[in-house]
Amino acid sequence: MTLKQLRAFLLAARTGSFTTAAAEMGIAQASVSELIRKLEDEHAARLFTRGARRLVLTAAGEALLPHAERAVVAADEGAQALRSVRSLSGGVATFGLLRNAGYYLLSDLAQRFHDDYPDVRIRLIGLNSVEVAAAVAAGTVEAGLVVLPIDDEGLEVTPLLRDEVRFATSDPDRAAEPVRVEDLARSRLILYDAHYGWSDPTRRQLADRAQLAGVKLEPLIEVEHVESALSLVQRGVGDTIVAGAVADSPAFPADLHAVGFREPLHDTVALVRRQGTTLSPATRELARLAQHMLLQRPARR
């Protein structure tokens, strides 16, 4: 039972004529007759009898009619959904954003995309890069921005930019010159992304560097958000590390001081997607816009 057979059946039932059904389908009358005949043969049931002036549905035809109508409507709606996605007049864009996306000037991403494509639904997740990468690998999110390193099995990774990680403190003397990881180990260290801990990409880099230097990093306080860490640093409780995008942001507290590492440490921001998959048009355009906004971020002041 094919969709074309069901369309021919419905048109013949509605018009009462194979000839009229053929005209509406743009095919020969013999083709419509053949479609119906094959459908009848396949199920060993007559669908029409010939009345005085028009075709009349048999009991089998009456039984098939509502199912044929639902099947054709569903197919038409599916085709429309695909056309909507292709034309960006509908569909859903799913995308993951890296930690601290707002500091990379991505807070306006949803608004800018919506302005251009008001009929496309948007689903943005803003998690740690660990979870964004896992969601993309699992297929629950089509693509996303992450900070490297991540576990990249099954993922296509496209690095976009590097952002220098800096040491932040309330003591100007401690920021007078670039710091070493040994200095960090001696600090009263306040770290954020407590939920992800040392699986966080930036922390992974720090842990590797500390291991090579023969020291251990043990935070005094762990909090979830960078703003909480910076508030504690302002109060003189301890020191923290921040991405350059945070340190360069107008929101970075004016009474704090930030300096890089003696051996520069960088967050690498990358676009990830599943290997061997094609992004939907909506998500592809959202990813393009996110990448454009990220790369247009003003250079370090």
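Leaving aside its neighbours within four places in sequence, which residues is Gly238 in contact with? In this predicted model, local features need pLDDT of at least 70 and side-chain atom pairs pLDDT 80 or more, while totals for chains, interfaces and linings use all residues. Residues are numbered from 1 along each chain as its sequence is written, and side-chain values use heavy atoms, with hydrogens and water left out.

The residues in contact with Gly238 are Arg188, Ile190, Leu232 and Val233, contact meaning heavy atoms within 4.5 Å. Gly238 lies in the loop between helix 9 (226-234) and strand 9; helices (H or I, at least four residues) and strands (E, at least two) are DSSP runs numbered from the N terminus. Gly238 counts as buried because its relative accessible area is 8%, where buried means under 20%, exposed over 50% and partly exposed in between (1.4 Å probe, protein chains only).

Strand 9 itself spans residues 240-243 and is covered on both faces. Thr240 and Val242 are buried on one side, Ile241 and Ala243 on the other. Strand 9 pairs with strand 6 (residues 155-169) in the antiparallel sense, over four bridges; pairing requires at least two DSSP bridges between the strands. Within this pairing, Ala243 of strand 9 is the bridge partner of Val165.

Arg209 belongs to helix 8 (residues 201-213). Arg209 is classed as buried because its relative accessibility is 16%. Not counting residues up to four places away in sequence, Arg209 touches Val181, Phe261, Glu263, Pro264 and Leu265. With Pro264, the Arg209 side chain reaches the backbone oxygen at 3.3 Å.

Note on methods:
A polar contact is a pair of N or O atoms within 3.5 Å; within protein, one must be able to donate a hydrogen and the other to accept it, and residues adjacent in sequence count only if both atoms are side-chain atoms.
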